[in-house]
Every structure is written in structure tokens, then in C-alpha cells.
Amino acid sequence: MTRLNYKIIVFIMGLLLLFNGGFMSTSAVVSAIYGEPEGWYILLAAAIAVLIGGIAMYFTRDHVKVLQKKEGYLIVTFGWLIMAFAGTMPYMFTGAITSYTDAFFETMSGFTTTGASIMTDIEAMPKGILFWRSLTHWIGGMGIIVLAVAILPLLGIGGMQLFAAEAPGPSGDKLHPRITDTAKRLWIIYVGFTGIEAVLLKLAGMGWFDAINHALSTLSTGGFSTKNASIAYWNDTPLIQWIIIVFMFIAGANFVLSYFAIKGQFKKIARDTEFKWYASFAIGFSALGAILIYLYANVSTSSIGHPMVWGELESALRHSSFQVLAVMTTTGFVSADYTMWSPFLTIMFFGLFFVGGSAGSTAGGIKVVRHIILIRNGIMEFKRTLHPNAILPVRFNNRAVAPQIVFNVLGFFILYMLSFIVGAVGLAALGLDFETAIGGSLTSLGNVGPAFGKLSPVDNFAWLPTLGKWWCAFLMLIGRLELFTVLILFTPFFWRNR
Amino acid sequence: MKIIIAGAGEVGFHLAKLLSYESQDITLIDPVKENLYYADTHLDIRTLRGDSTSIKILNDAHVGEADLVIAVTSSETTNITICVLSKQLGAKRTIARIANTEFIENQESIGFSKFGIDELISPEMLASREIELLLSQSAFNDSYEFEDGALTMIGVTLPRTASFVGKSVKEASLILPEIHFMPIAIQRFGTQYTLIPRDDTQYKEGDQVYFMTSQDGVDELYKLTGKTKRNIKNVMILGGSNIGRQTAIILSEMGINVKLLEVNASKAFDLADALPEVLVINGDGRNVDLLQEENIHEMDAFIAVTGNSETNIISCLMAKSKSVNKTVALVENMDYFQISHNIGVDTLINKKLLAANNIFRFIRKGEVVAMTKLNSMNAELLEFVVKPHSEACNKLIKDIDLSRSAIIGGVVRNGEGYTVVDELTIRDGDRVVVCCLPKAIAKVEKLFL
């Protein structure tokens with residue numbers, strides 16, 4: 001390996017722009033359906049994206065089809081960046097967002113499936129723009145699936161090789177020998193679930209536009225809503241919220257397991273360690289939250305209404321599960337303000353920000369599998385002091401995890417914590433208070449959406465200083481791309497030849 | 001019977017030796033001249049130099065007329081190939097020695113007989129079964145069950161505390177008339193000479209004595225020999241080879257705490273991966289500090305099964321010195337067997353010997369039901385089904401002339417075991433267990449068959 005294969009990098013960037021343009025034009029179609037003049041501007045944005053993409057691909061069509069690890073890192077990082085930059089065009093051209101910083105923040109928040117928004121009056125936005133906003137989530141989710149099944153295992157980042165793997169190793173859990181086939185199968189599941197959720201939401205009482213938008217942003221664990229009040233808008237329709245709860249759970253679970261479920265192989269799911277932990281976390285914290293809300297929380301202090309359509313207990317359980325899953329799976333929908341319930345619950349949710357979904361899902365955060373490995377490795381450390389010469393591997397899915405992967409996960413965890421702290425320090429330097437700085441850093445890094453303090457579920461990010469928005473967008477990107485992928489580009493040895 | 005043995009390694013040679021005593025028609029094939037030379041000069045067999053997977057060589061060995069082809073080269077795939085070829089060329093029965101225990105576990109589903117392999121023998125598996133049996137009767141250093149335990153043969157070294165040390169066989173049986181046990185072979189301390197006891201033979205301290213006993217006699221023998229039955233709870237195994245691994249699996253399934261020492265780090269990791277119940281330790285078993293760190297003095301048994309016989313013996317001696325009650329060493333070199341009891345290791349096992357005995361048993365199927373060689377002794381145990389027209393049939397046992405080279409250890413009739421059977425009349429269909437010196441095998445066979 002002597003020189004970076006720039007041609008293939010540019011070629012793939014062009015390809016991504018083509019995709020981006022294609023999806024933009026669907027937003028233009030949505031605009032057209034609602035008779036909005038903004039549709040033309042969105043179409044223009046799409047045309048520019050396609051044109052630039054096409055030109056880039058044309059001039060690099062003679063690229064050599066060889067990808068090394070280095071090219072992999074560059075493609076992933078710059079791919080997301082190019083998407084985010086191109087994705088600002090619809091906002092800018094239509095004038096929906098006037099500041100470029102805001103537009104970039106919104107697109108990055110979309111493509112990284114974070115769901116933090118700078119829009120103050122969402123409902124006033126053109127439908128085409130709202131649809132594009134939800135689409136950025138959904139495209140980001142698709143990208144993450146490819147990232148999860150094909151790219152990260154190859155690059156060997158932070159134990160992402162594991163998944164629900166039968167055999168731990170660089171192969172990950174291949175459903176099919178060829179990675180593209182695997183990705184395609186998972187995409188079909190992803191698209192299928194999105195369709196099912198949209199139909200169910202419609203049946204439960206949403207309009208088609210809202211139903212499709214929310215389905216797009218649930219499956220990608222994004223969090224953009226078409227309503228100013230987010231999902232709290234439907235607090236009087238528990239069924240809608242329960243549907244979203246279920247689909248958040250699905251989106252935060254490994255998509256490979258969904259594939260097994262569809263094929264009827266439920267045993268494989270029951271055997272999967274990560275799923276067991278993920279489900280126990282979700283159910284356990286939901287139940288704990290529900291009890292505490294039912295007994296102690298004074299919901300009337302919240303600015304969000306809590307109509308108890310199906311009784312107080314159901315309401316407590318629903319809001320608890322909804323928020324637990326919204327935070328755990330890093331979706332970030334809001335049905336209630338979890339910072340207003342009780343100090344204990346606020347701390348509990350703060351903890352949940354670190355959990356994340358399962359590996360192989362569209363969720364961000366540290367992810368359950370890494371916690372399992374960290375905890376088990378911690379327990380093993382005690383045993384290791386008693387038997388210094390014993391081989392005491394961390395076991396996951398009944399197989400020993402290679403020490404290399406454990407180190408990888410430890411490294412990831414430490415880097416995550418450092419990034420979180422540095423992120424918070426950065427925000428505090430810009431004048432944010434303690435709680436808000438910590439919350440803003442954590443929610444950006446974990447791609448969740450709402451945070452704490454002045455960035456609580458009922459606030460938004462519009463008031464952040466310009467630099468703060470770029471800083472948060474950067475945190476979103478590194479968090480989304482599992483830290484190493486982006487941060488390695490800042491190391492001198494990456495750019496050195498050999 | 002015409003038998004072809006492919007592979008003149010230790011198993012092949014030992015088999016050829018056992019079989020040649022019975023004047024079978026044996027052809028031994030091996031590509032290495034030196035391996036054949038010793039067999040050729042010492043045994044009454046035909047040797048053939050060449051590759052046993054060569055059809056020409058197999059034809060030269062007259063495989064078409066062979067009653068049995070035994071493939072015991074060190075390579076499992078070669079053995080399988082030899083068996084498949086031989087069967088196609090007309091051999092009546094085939095036995096292949098294999099190393100992969102998966103083959104034996106899935107014998108039914110794969111259907112090896114369809115390919116032309118009638119029997120699979122895995123020395124490693126036999127060795128780990130042997131270890132399991134030895135541990136389940138920890139006070140004894142050898143044991144073998146006949147007819148699902150109707151009769152049990154056990155070997156024990158007599159301690160000073162044994163109540164019948166210094167007494168003759170007759171006197172000993174008078175002390176406890178209600179207990180049925182029959183001494184069948186004795187090796188005096190410090191000698192390598194096996195004797196078949198008679199009424200006047202005296203038990204001495206340090207004797208290695210083999211007894212036949214019926215089902216409930218095993219527990220009573222504990223009392224008599226002054227040994228206490230100890231439940232094995234903690235076992236240390238040295239060496240993560242095939243045998244170590246198998247043994248660890250078997251023992252941990254029995255609920256025993258197993259520590260497995262393996263010197264190779266990546267092999268140790270694979271073992272830890274495959275055996276979640278076993279504590280795998282990466283280190284050299286000859287390192288005393290390591291053994292002490294892993295609490296060797298708390299072990300009930302120490303099993304050394306590395307590929308190196310000397311390491312195994314030395315580490316067992318070390319374990320003995322740390323007051324481990326029971327030590328078992330895997331030994332490749334047959335010569336060490338002679339001195340095993342003198343040096344203090346409880347039991348030596350040799351997987352090749354086990355394999356050879358097992359194959360021998362298979363060959364004699366139908367006539368001799370079961371047979372085993374007494375560990376460290378030059379004597380064999382044979383089980384016969386008495387034929388109606390045989391010489392011994394319908395005779396009182398005490399009237400059967402066995403001279404001093406054989407003894408009837410017991411009789412199994414209708415599933416019930418009997419020992420001390422002087423007054424019993426042998427009937428058609430009885431299963432008789434006889435202990436005899438090799439020179440008397442042919443004579444004993446004639447009596448019962």
C-alpha cells in the first residue's frame with residue numbers, strides 16, 4: 001500500500017450524492033403532492049446533488065476497485081460529511097432555515113439519527129422539508145446498517161465484530177456469505193418494518209403524512225417529529241404511543257435477530273445474550289420508572305399535558321416505557337419531560353444515556369454488548385487475581401471472546417468517556433451551565449436528541465451559540481461512527497506512509 | 001484367521017505380538033524398514049514393506065482373503081482410506097484407529113460401516129474412559145467390569161493396614177467368610193514377576209494384588225484392604241491434549257472441579273473457550289510454584305497426560321509428595337510399566353496398550369467375550385461363554401486342571417456374579433472369567449471352547 005486510492009473515494013462520494021439527490025427528489029414529490037412551491041427548490045437541490053455526484057463519478061470511473069482499511073475510514077467519515085453538506089441544500093434553497101450553521105446542524109442531526117433540532121416551529125415548515133428531515137434519519141439508518149454489517153467489522157472497531165455472532169471473529173454474523181446480500185436483506189427488513197409501522201400508525205389514528213414521517217424516524221432511531229410537541233402531541237392516543245414503543249424496541253434490537261424472527265428461528269433470539277440483556281434493561285427500567293412515576297411523580301408540574309386516557313397506571317407505565325426506550329435506543333422522541341418527574345428518575349435517565357441499543361441496530365450510544373463485555377471482564381478480573389495463570393476468557397453467547405476484542409471494547413469505553421468529558425468541557429467553555437453542557441455532550445455523542453438542563457425534552461438547540469452547534473454536530477458524527485473511525489483521521493500516523 | 005495389520009507403531013506391534021501368540025496368520029505392513037525389522041526378527045509373522053494405501057501392496061498382502069484388516073497407523077485419514085480400500089478389495093472386517101472423537105460420537109449417524117469400516121477405535125477416548133473408571137474407585141489402582149458389573153476386577157497395592165497382610169489366601173478367606181473375593185494375580189513388591197495365587201500363597205505388604213469380586217464386594221474390599229473410599233472432588237489434569245480434554249469433559253460432567261494445565265497459550269485459550277466448566281491454567285506443570293499456587297495439596301487426584309512420559313511421571317511424583325491421594329500418568333514407553341509401582345505413581349496408563357487390548361477383544365468377539373491385560377503385569381483376563389461340548393463343561397470347577405498358570409476368577413450365570421466357586425459345576429452358557437499367563441491362553445481356550 002503506497003498511496004491512498006483517492007479515485008475510489010471520490011467515486012463513492014459521487015455515488016452517495018446520487019443517492020442523496022434521488023431521495024431529495026422524493027421530498028420534492030411530497031411537496032408537489034401538497035402543492036407547495038418549495039418543491040421546485042427541493043428539486044433544484046436534488047438536481048445539483050445528482051449533477052455533482054454524476055460528474056465526480058464520471059471523472060473517476062476508471063478507479064481501481066481495491067479498498068484498504070485507510071480508504072475505508074476516509075469513505076465512512078467523508079461519506080457522512082458529504083451527505084450532511086449536500087443535505088443542507090433543501091433547507092437553504094427553500095429558505096426553511098436561513099443560517100447555514102443551523103441547516104448543517106439539522107442535517108447532521110438527521111443523518112446521524114440524533115434528532116436534536118434547531119427548529120422552533122416545526123409545524124409551520126413546508127411538508128416537503130419535514131419529509132426531507134425525516135428522510136435524512138432514514139437514510140442515515142440505512143447507512144448505519146451497512147456500517148454495522150459490512151464496514152465496522154472489517155475495520156475491527158470497538159468489538160463491533162461481535163454482534164449476535166455464533167463465532168466471534170472478524171466475520172461478524174453473516175446471514176449470507178456475501179456482505180452485500182446481508183446488507184440487502186437487512187435493508188428489506190428495515191424498509192418492511194418502516195412500512196408496517198406507518199400503516200399501524202395510520203390505523204391508530206395518525207394522518208398518512210405523520211404516520212410515514214414517524215415511521216421513518218422510529219426505525220432509524222432518529223427522533224425528528226412533525227409536531228412541535230413531538231409524540232406528546234398524541235398523549236391522548238395511547239395506542240399510537242404503544243405502537244411507537246414497540247417499534248423503538250425493534251429498532252434498538254439487532255436487525256439480524258429480526259431476520260431470524262421472520263424466518264421463525266426464535267431459539268436463536270432466545271439464546272442471544274445481548275438481546276436478553278437489552279430486553280431486561282428495557283423492561284426493568286420501564287417497570288422501575290412506572291412505579292416511581294405512579295407513586296411519586298407530580299406530572300402536573302410538567303409543561304406537557306398528561307391526559308390519562310386509559311387510567312393513571314397505564315399512563316405511568318406508558319410514559320416510563322416510552323421514555324426509557326426513547327433514551328436507550330437513542331431515538332429521542334418525547335412523550336413526557338423525564339427531567340420533571342423526580343431527581344432519582346432524572347439520574348436514572350442520565351444513566352440510560354450511556355446504555356445505547358444493541359449492536360447491529362440503528363441505535364447509537366455505547367451499546368449493550370460492550371457493557372456486557374465490560375461487566376463480565378470486570379468480574380473476571382477478580383478471578384484473575386486469584387489465579388494469575390488461569391485462562392479466564394470473557395464469554396459471550398457461550399463462546400470465549402478473544403482478548404483482543406475485550407481490549408478493543410475497553411479502549412472504546414475509555415475513549416467514549418473521554419469524548420463525553422471533552423465534549424462537555426467544550427460546551428461549558430461556550431458558556432453553557434454544568435447540567436446543560438453535560439447533557440448536550442452526552443446526547444450528541446450518543447445520538448439521542450433531548451438532554452438535560454436547558455436542553456431538556458421540551459427545549460431545543462436553536463439557542464446554542466454557533467460554535468456550540470458545530471461542536472455538537474462534530475460530537476454527533478464521531479459518536480455515530482463509533483469514535484475510532486473519525487478520530488483516527490486526526491492521528492499523525494494515519495497520514496504517514498507506512 | 002488371516003489378519004493384516006497396517007502400521008507397525010506401538011499399537012500395531014503390540015497387537016501383532018498378542019495375536020502371534022495365538023498362532024494367527026498375520027501380515028504387518030509398514031513403509032519404514034526399521035519398524036518392521038524388530039517385528040520380523042522377534043515375532044512369528046509376515047512383514048511387508050510399503051504404503052498400506054497402495055492397492056498393489058494390499059493385494060500383495062492378499063487382502064482379498066483377509067478375515068480382518070486393522071489400520072493403526074498414526075494418521076487417522078490413512079487408516080480410514082486403508083479400511084475403505086481393503087473392504088472393496090474383499091477383506092471381511094476392518095478396524096480403523098482414529099483420533100477425532102467426533103467420529104465415535106457420531107458413529108451411528110455417519111454410518112461408517114457403509115463405507116467399509118466396521119469398528120472405530122480411539123486410543124484417546126479409551127484412555128479418558130480408563131481414567132474416569134480409575135477415579136470412580138479411587139483407592140484401587142486398576143479396575144475392570146465384566147457383564148455390567150456382575151463381576152469386577154480390581155487391583156490394589158496392599159498397605160500395612162490391610163487386615164490380611166501376612167496371611168495366606170485360605171486364612172484370609174476364613175477371616176471374613178461372608179465376603180466373596182478371589183485373588184487372581186499377585187505381583188510382589190520390587191519384582192516384575194506375576195504369580196497366580198493358590199490357597200497357600202501368602203499376602204505380603206506392598207503386594208500388587210488383583211481381586212475378582214461380585215457386585216457388592218467392592219465396598220467390602222475397601223475395609224479389608226485398609227483403604228478408605230474417598231470421594232473425588234478436585235482434580236488437576238496436566239496437558240490439554242486430546243486425552244486431557246476428553247477427561248476434563250467427562251469429569252466436569254460428573255460434577256468434579258477440574259483444573260486443566262496447558263503450557264501452550266493459544267491452545268489454553270481454545271480449551272477455555274470449549275470447556276466453560278473447567279478452570280484452564282496456562283503454565284508448565286513442572287513448575288512447583290505454579291502447582292502450589294493452584295493448591296495442588298487440595299487435589300484429590302492428579303492426572304498427567306502430556307505428550308511426554310517423563311514429564312508425566314515426574315509431575316505425578318511431585319503431586320504425590322504434595323500428598324495428592326491418587327496419581328495417574330500417561331506413559332508411552334511400555335518399559336516404564338514394569339517399574340511403575342516401585343516408583344510410587346499409582347497408575348500408569350498407555351493409550352496404545354489400551355487400543356491394542358480393545359482391538360484384541362474385538363477380534364475375539366463371539367468366543368472370548370471380553371479380555372483385558374492386567375496393568376503392569378504379564379497376565380491376561382479372559383471372559384468365555386462356555387460351549388456345550390467343551391472339555392470343562394459340566395465339570396466341578398475344582399476338578400478342572402488349570403496348573404499354576406491360570407485361575408478361574410468368577411462365573412456369571414443369568415446375570416449374577418459368583419466368586420470362590422470351587423463347588424460350582426460349569427454349565428453350558430456360563431460366562432467364565434479366567435486370569436492366565438500368556439503362555440496358557442491357548443490351553444485355557446481349549447478347555448472352554
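The model is predicted, so local features need pLDDT of at least 70 and side-chain atom pairs count only at pLDDT 80 or more, while totals for chains, interfaces and linings use all residues. Residues are numbered from 1 along each chain as its sequence is written, with chains lettered from A and ligands numbered from 1 in the order in which they are written.

Let's start with chain B. Its secondary structure comes to 17 helices and 22 strands, where helices (H or I, at least four residues) and strands (E, at least two) are DSSP runs numbered from the N terminus. The radius of gyration of chain B, taken over C-alpha atoms, is 22 Å, close to the 22 Å that the globule rule (2.2 Å times the number of residues to the power 0.38) gives for 449 residues, so chain B is as compact as a globular protein of that length. The C-alpha trace spans about 65 × 65 × 40 Å along its principal axes. Buried residues (20 or more other C-beta atoms within 10 Å of their own, with C-beta atoms placed from the backbone) make up 49% of the 449 residues.

An automatic or database domain assignment divides chain B as follows:

| Domain of chain B | Residues |
|---|---|
| domain 1 | 2–121 |
| domain 2 | 132–224 |
| domain 3 | 232–324 |
| domain 4 | 365–448 |

The C-alpha centres of domain 1 and domain 2 of chain B lie 37 Å apart.

Seven strands form an open, mixed sheet in the order β1(A)-β14(B)-β13(B)-β12(B)-β15(B)-β16(B)-β17(B); two strands pair if DSSP finds at least two bridges between them. β1 (390–391) of chain A and β17 (347–349) of chain B stand at the edges with a single partner strand each, so one side of each has no neighbour in the sheet. Within the sheet, β15 (residues 301–304) and β16 (residues 326–330) of chain B run parallel and are joined by four bridges. B:I303 stands opposite B:V328 in β16(B).

Finally, meet helix α17 (residues 466–480) of chain A. Among the buried residues are A:W471, A:C472 and A:R480. After α17(A) comes A:E482, whose phi is positive, near 55°.

Methods: A residue is buried if 20 or more other C-beta atoms lie within 10 Å of its own, exposed if 12 or fewer, and partly exposed in between; C-beta atoms are placed from the backbone.
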